[in-house]
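User: Please take a close look at the interface between the two chains. I would like one connected account.

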Amino acid sequence: MNKLNAYGIVAEFRTSADILHAAERVRDAGFRKWDVFTPFPVHGMDRAMGLRNSKVGWFAFLGGVVGYTTGMLMIWFMNAFDYPLVVGGKPMFSPFFAFPPSYELTILFGAFGSLFGMLFLNRLPRLHHPLLKNRRFALVTHDRFFLVIESADPKYSETETRILLEQVGSRHIEVVEE
Amino acid sequence: MGTHGTSLAIPEPPAELNRAPLVGNNRSLGWISNRVCSLTEGRAPIWWWILLIPSLALLGMLLFMLGYQISTGVGVWGNMHPVMWGWDIINFVWWIGIGHAGTLISAILFLLRQRWRTAVNRAAEAMTIFAVMCAGIYPALHVGRVWYDWWLFPIPNSNSIWPQFRSPLMWDVFAVSTYFTVSVLFWYMGLIPDLAVMRDRARTKLKQFAYGLFALGWTGSNRHWSNYEKAYLILAGLSTPLVLSVHSIVSLDFAVSQVPGWHTTIFPPYFVAGAIFSGFGMVLTLLIPLRSIFKLEDIITKRHIDVMCKVTLATGSIVGYAYGMEFFIAWYSGSPYERYAFINRALGPYWWGYWTMIVCNVVVPQLFWIKAFRHNLVVVFIISILVNIGMWFERFVIIVISLHRDFLPSNWGYYSPSWVDICTYLGTFGLFFTLFLLFIRYLPMIAISEVKGVTPQADPHHPLGGAKVKDMALHE
């Protein structure tokens with residue numbers, strides 16, 4: 001098969017322990033463009049793949065800061081700057097009465113930050129993916145575990161990579177086209 | 001199920017750690033997908049139509065009542081001087097309180113690592129969203145002139161005046177709308193991997209397209225799961241202070257005023273506990289029948305029901321403590337108005353409302369101390385309904401009894417709801433059940449990938465997850 005139109009090699013595993021150990025071996029073999037696909041997050045897989053801590057937290061933090069600042073500035077602008085009105089003899093602006101809405105906006109913008117940050121980091125939505133065209137791969141949402149080494153990886157070799165995946169215990173290996 | 005060849009010598013954990021499994025009968029990963037997705041596949045069962053049709057009829061009645069109220073005015077309700085907040089605000093607080101259990105299950109129990117939550121969180125979160133939708137109708141409508149609702153938003157009105165944020169009613173707008181939005185985000189994010197399950201099982205083009213579109217191209221990649229789990233954790237961390245703030249702010253609508261019976265500092269925690277209490281009542285009311293009809297006994301096990309009964313008991317006891325403390329403070333404050341307000345609750349013209357509340361909220365849930373009651377589904381179901389009735393009466397007691405005796409006896413009155421109040425309230429059940437029935441028919445009502453994640457097969461260090469003896473020894 002032509003290497004140019006191969007997306008990568010897909011190796012299927014039956015248990016979470018098998019895929020975890022396979023991932024450790026592939027990580028140690030020095031691959032870079034590869035991934036593990038599981039029906040649920042497997043505990044310890046981030047470490048087995050050598051992934052670093054997710055950066056979603058920064059998006060949520062940024063959202064929270066923006067939310068709180070927006071709330072405080074908005075209420076100051078509306079009630080103390082643009083159209084000050086005395087209500088019940090209370091001050092035009094106080095951080096105390098501005099706090100509850102600002103608190104809610106912190107949470108609101110933080111939540112948007114974490115959801116959209118997650119989608120951005122994962123480059124989702126992505127409605128076309130070579131793997132999603134593979135019939136057998138559809139079992140990934142059912143009960144199977146897959147390890148995929150992309151042809152774009154510098155260490156990728158159709159024969160040697162296949163041998164490695166056989167060695168780590170996969171019983172079903174196939175090449176998926178682009 | 002595992003691929004181990006040799007026999008396993010697994011050391012038995014100490015008895016106190018040996019808990020019943022979360023998924024009964026050692027069901028496989030595939031069984032979970034098949035069981036949950038099959039509920040949405042094939043033709044809709046007859047009972048679904050039998051429930052949907054009256055729900056739609058009630059929803060139609062709701063729309064008619066809202067149209068009648070908008071075209072005629074708030075005078076069609078029973079609200080009358082001195083009781084200017086009647087069933088509208090009672091039902092608003094009641095519905096929004098019900099929502100709180102969903103967020104407690106999805107967020108707080110997630111942070112507390114309560115793994116049993118996975119079986120019930122999806123349905124409970126759906127309940128939250130639909131309950132908040134029912135709640136949202138009331139504040140929008142009770143302003144009387146709904147076409148001025150936009151004055152609540154931070155937009156200058158026609159005289160360039162902005163909303164003024166010194167009022168807790170404005171805080172409430174932000175709290176409730178944030179609560180709704182974040183609940184929807186959290187629910188949707190939990191649904192993404194399960195929508196991918198539905199997409200991969202779909203047989204018709206329409207289903208493949210619809211589920212595929214909303215699954216956003218989810219592949220189950222671990223690089224994605226890594227970000228996903230972090231985002232889920234953060235959303236849980238954000239929803240926890242959110243859910244505690246929402247009912248606190250709702251309670252401030254009352255507590256910031258000067259009315260005896262409302263002007264109390266105990267309100268925020270007392271309202272939050274009551275909200276979670278009523279929400280668990282509703283979760284049990286919904287899930288006990290569904291569990292039997294859908295044959296989900298292996299996913300929502302007796303242990304799940306048992307744990308939820310214990311939460312109901314705990315929050316019900318907190319609520320009971322708050323009732324007692326309110327009376328103590330009314331006596332201890334030395335304020336004659338405060339004392340009168342509370343004696344009037346128990347012995348005044350609405351004594352029946354007060355005692356219904358006490359029986360349903362404080363007395364009946366105490367039966368959950370006894371294991372036999374927690375394991376009798378009929379008893380649990382009946383108590384769960386009584387909890388919801390009791391919590392409705394709690395809001396009735398707080399709102400109507402506090403208002404019907406004004407400071408001057410010449411302002412005293414007696415409040416009764418009108419037929420429009422009653423029909424609007426029944427109509428919100430139509431909205432709630434229509435949405436809930438559509439949810440259980442078209443979306444996975446159990447969080448499939450989360451339930452898979454708490455099975456022993458998911459654990460790479462468990463023999464059912466494929467762990468070999470040497471790995472086990474390694475992790476000793």
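Analyst: Contact here means heavy atoms within 4.5 Å. By that rule, the contact takes 66 residues from chain B and 69 residues from chain A. Keep in mind that this is a predicted model.

Now the area. About 5800 Å² is buried between chain B and chain A. Carbon and sulfur atoms give 67% of that area. On the chain B side, the residues that lose the most area to chain A are B:Arg166, B:Asn222 and B:Arg223. Together they supply 14% of what that side buries.

Next, charge pairs. How many salt bridges does the rule find across the interface of chain B and chain A? It finds one. The side chains of B:Arg223 and A:Asp35 meet in a salt bridge, at 3.9 Å from N to O. A salt bridge needs a nitrogen to oxygen distance within 4 Å. B:Arg223 is also among the three chain B residues that lose the most area to chain A.

Some context on each chain follows. In chain A, the domain assignment gives domain 1 (6-52 + 129-177) and domain 2 (56-121). The C-alpha centres of these domains lie 44 Å apart. A:Asp35, the salt-bridge partner of B:Arg223, has a number that belongs to domain 1.

In chain B, helix 5 (residues 168-201) and helix 6 (residues 205-215) have axes that come within 8 Å and cross at roughly 145 degrees. The crossing is left-handed. Helix 5 of chain B brings residues including B:Tyr188, B:Ile192 and B:Leu195 to this contact, and helix 6 of chain B brings residues including B:Tyr211 and B:Phe214. By class, the contact of the two helices has eight nonpolar, two polar and one charged residues.

Key: Residues are numbered from 1 along each chain as its sequence is written. Chains are lettered from A and ligands numbered from 1 in the order in which they are written. This is a predicted model: local features need pLDDT of at least 70, side-chain atom pairs count only at pLDDT 80 or more; totals for chains, interfaces and linings use all residues. Side-chain values use heavy atoms; hydrogens and water are left out. Axes are lines fitted to C-alpha atoms, for helices over the stretch in contact, and angles run from 0 to 180 degrees between N-to-C directions. Helices (H or I, at least four residues) and strands (E, at least two) are DSSP runs, numbered from the N terminus. A crossing is left-handed if the near helix is turned anticlockwise from the far one by less than a right angle, and right-handed if clockwise. Ala, Val, Leu, Ile, Met, Phe, Trp, Tyr, Cys and Pro count as nonpolar, Asp, Glu, Lys and Arg as charged, and the others, Gly among them, as polar. Domain bounds come from an automatic or database domain assignment. Buried area is the accessible area (1.4 Å probe) that two parts lose on being put together, summed over both.
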